[in-house]
Amino acid sequence: MNKSTQHDALHLTVNNLHLQYGDNPILKGVSFTLAPGEVVALLGASGSGKTTLLRAVAGLEHPSQGEITLGKTTLFDGAKDFELAVEKRNLGLVFQSYALWPHRTVFDNVAYGLKLRKVGTEETKDRVSQALKNLGLGHLAERYPHQLSGGQQQRVAIARALVYNPPVILLDEPLSNLDAKLREEARAWLRELIVTLGLSALVVTHDQTEAMAMSDRILLLKDGRIEQAGTPQSLYAHPESLYTADFMGSNNHLPANVVQAEGSMASIEVAGRVLKGVCKGIIQAGKACTALIRLEQVRTNAEGENVIQAELITSMFLGDRWEHLFHLHNGADTIRIRAFGAVPLATGEHQLSFPADALWLFPTA
Ligand SMILES: Nc1ncnc2c1ncn2[C@@H]1O[C@H](COP(=O)(O)OP(=O)(O)OP(=O)(O)O)[C@@H](O)[C@H]1O
Ligand SMILES: [Mg+2]
């Protein structure tokens, strides 16, 4: 499908979008743009509004306020009470359930959108064949959905969305029906497809690794609002809130008291030891804070600054590395600390170090 098309220069813009079901506000002022050729992941916890937002862009839900435009075309304008019909938006949709027609062959499933658009028989044949070939489904054209694996059904759903060359494709959890291994392969394959065909895509997922792997940019939704938006690297390395930090990676949480705060750094006390960390938000001496460090940042068998002694309880072999579980004794309480390492360790006491720039201090809510 060599689709350098008339659609190539279309930006999708969503501005201050609000939507409610009955009295229940679901989207509370969402704004973002999707540039041509860009893959944006809509990431968020269950119920955060990802599907609702995608469906609103598609025209399947009715927002109460805001605007959606695609290039110069207005798809939705709340102020003018204007909504462009779903079929006129021409966006490619891939639903979580695939929603294939069980009594139609793969070919007919994919051809359906073209028939609706009154594309001629010969052209339909060419375009469907090309779409199936692009998705590695050429040999399955005459099969029915129940004769396909989950991964193949997913590809048919994507071929069906791509066949009429939409300016933007919208994918709702496109990989969620696949098992873990297939899912990991499929995300590489899907990213490759999107990039090679130069598509613009908005992809919903609740899996942060999948969002990071597949997208150029992530919109992290929390309770109907964008908590943080940016490249996968920036969300991972520079979270602006504890919520983003926790959503994007695996962390240790250490309850701490602030001893002294100076500029961007602060000294904190954790289980009777003083450690230094980076302030993320307003950190004040005498107050409690949450110190957070990613599992991969904890150094085992370390010396020097920012070291704390903890007891190794057990280790788990993960194939490419070990995950160690330590207990840090804090009076009657125990703080659990997890860390990755390349080698197994003996149980007992170990020195753990927390590099100060990787120990993030968030105000305790
Ligand atoms: N048709 C509906 N009527 C009323 N409430 C709805 C409807 N659809 C969704 N909701 C509510 O809107 C909120 C957002 O739902 P949405 O499906 O957008 O979440 P999501 O982020 O896609 O979650 P998930 O990861 O579980 O798919 C939820 O609280 C949900 O219960
Ligand atoms: Mg959903």
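**Exposure, packing and pairing**

Visitor: Is lysine 80 buried or exposed?
Guide: This is a predicted model, in which local features need pLDDT of at least 70 and side-chain atom pairs count only at pLDDT 80 or more, while totals for chains, interfaces and linings use all residues. Residues are numbered from 1 along each chain as its sequence is written, chains are lettered from A and ligands numbered from 1 in the order in which they are written, and side-chain values use heavy atoms, with hydrogens and water left out. Buried means under 20% relative accessible area, exposed over 50% and partly exposed in between (1.4 Å probe, protein chains only). Lysine 80 has a relative accessible area of 65%, and is therefore exposed.

Visitor: With which residue does lysine 80 form a salt bridge?
Guide: A salt bridge is a side-chain nitrogen of Lys or Arg within 4 Å of a carboxyl oxygen of Asp or Glu, and for lysine 80 the closest N and O atoms of the pair are 4.0 Å apart.

Visitor: Which residue forms a salt bridge with glutamate 38?
Guide: Glutamate 38 lies in the loop between β2 (24–34) and β3 (39–44), and its partner, 179 residues apart, is in strand β10 (residues 217–222); strands (E, at least two residues) and helices (H or I, at least four) are DSSP runs numbered from the N terminus. Both residues of the pair are buried. With the closest N and O atoms 2.6 Å apart, the partner is arginine 217.

Visitor: How far apart are the end C-alpha atoms of helix α4?
Guide: The expected span is 1.5 Å times one less than the number of residues. For the 14 residues of α4 (residues 121–134) this should give 20 Å, which agrees with the end C-alpha separation of 20 Å.

Visitor: Against which helices do the buried residues of α4 pack?
Guide: The buried residues are Thr124, Val128, Ala131 and Leu132. Where contact means heavy atoms within 4.5 Å, the buried residues pack against α3 (106–116) and α5 (150–162).

Visitor: Which residue of β21 is the bridge partner of valine 278?
Guide: Two strands pair if DSSP finds at least two bridges between them, and β14 (residues 273–279) pairs with β21 (residues 360–363) in the parallel sense over 2 bridges. The bridge partner of valine 278 in β21 is tryptophan 360.
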